[in-house]
Amino acid sequence: TTEGRAFRRVVLKLSGEVLAGEDKHGINVKVIRALAEEIRDIHRDGVELALVIGGGNIFRGVKAASDGMDRAIGDYMGMMATVINGLALQDFLEKEGLTTRLQTAIEIKSVAEPFIRRKAIRHLEKKRIVILSGGTGNPYFTTDTTAALRAVELDADVIFKATKVDGVYDSDPVKNPAAKRYRRLSFHDALVKQLKVMDSTAFSLCLDNKMPIQVFDMSKEGNLKKAVQGKPIGTLIDA
Ligand code: UDP
């Protein structure tokens, strides 16, 4: 452990809804700017950071399919949406003086590098923030699964799943005011209790490869820093 930092390499999963803020849809510039400042602060402490960005604030394949669209095409559109978010994030991170590289799982060479595992690792070693967009590059997957996959292949210590809920509860805290938040959960308990931490593909990847998941509320200022310092916020799911 180096001063104020419990993790060496972190994959931070940002859902599209985080970028939308109160707008629910699209990109809220104020939110991204605040986010970029928080990321700048934790980066200063030396943590290696890869961001996996969602696209639900712009487009979701499942939703499009339920409206009668071809699922795979909808999913490709969703993956493109994550690239739009990635570009926005890159812009604001660089405005904070950070060096970033945007990589895409589907090649869009004139705006970003293709995802190349060894290049991504090299960027991280050089303390560049790597933004991973385009999901896994495959339809029928999610960006949660992307985060799990990249965390494993980039040898991260942990996945930070930043959401609007401050952890994993024993029941829906919106419907049940007496709902209890778990501070720590084993993969096994999460499975047995059928708690929804991530989708099943993402969760399986983490379980099989013993990749810890820290779930916390990103909209609260200072939470990201606490998470990097290993302070007990939200819920930690591990072996
Ligand atoms: N998507 C996909 N394959 C992937 C990742 C994402 O097809 O590997 C598509 C899918 O349609 C999804 C959309 O991209 O609905 C946006 O991603 P996600 O829903 O994971 O975003 P988030 O909920 O995190 O904002």
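Trainee: Let's start with one of them: where does F141 lie?

Mentor: Before we dig in, note that this is a predicted model, in which local features need pLDDT of at least 70, side-chain atom pairs count only at pLDDT 80 or more, and totals for chains, interfaces and linings use all residues. Residue numbers start from 1 along each chain, as its sequence is written.

F141 sits in the loop between β5 (129-133) and α6 (143-153); helices (H or I, at least four residues) and strands (E, at least two) are DSSP runs, numbered from the N terminus. F141 counts as buried because it has 20 C-beta neighbours inside 10 Å. The cut-offs are 20 or more other C-beta atoms within 10 Å for buried, 12 or fewer for exposed, and partly exposed in between, with C-beta atoms placed from the backbone. Skipping residues up to four places away in sequence, F141 touches G135, T136, T146 and T201. Here a contact means that the C-beta atoms of two residues, placed from the backbone, lie within 7 Å.

An unreviewed UniProt entry puts F141 under "binding site" along with G55, D75, T136, G137, N138, P139, Y140, T142 and T143. These positions are spread over 89 residues of sequence, yet they cluster in space, with a largest C-alpha distance of 14.1 Å. Bear in mind that UniProt annotations may be inferred rather than shown by experiment; feature names are shortened, and positions follow the numbering used here.

G55 is buried because 27 other C-beta atoms lie within 10 Å. Neighbours within four places aside, G55 contacts G16, G78, M79, A81, T82, N85 and T143.

UniProt also places "binding site" (unreviewed entry) at K13, L14, S15, G16, G56, R60, T163, Y169 and D172. Those span 160 residues in sequence and the farthest two C-alpha atoms are 25.3 Å apart, so they do not all gather at one spot.

Take two of them. L14 belongs to strand β1 (residues 9-14) and is buried, with 26 other C-beta atoms within 10 Å. Beyond four places in sequence, L14 meets L19, L51, I53, G54 and A162. Y169, in strand β7 (residues 168-169), is partly exposed because 17 other C-beta atoms lie within 10 Å. Not counting residues up to four places away, Y169 touches A179, K180 and R181.
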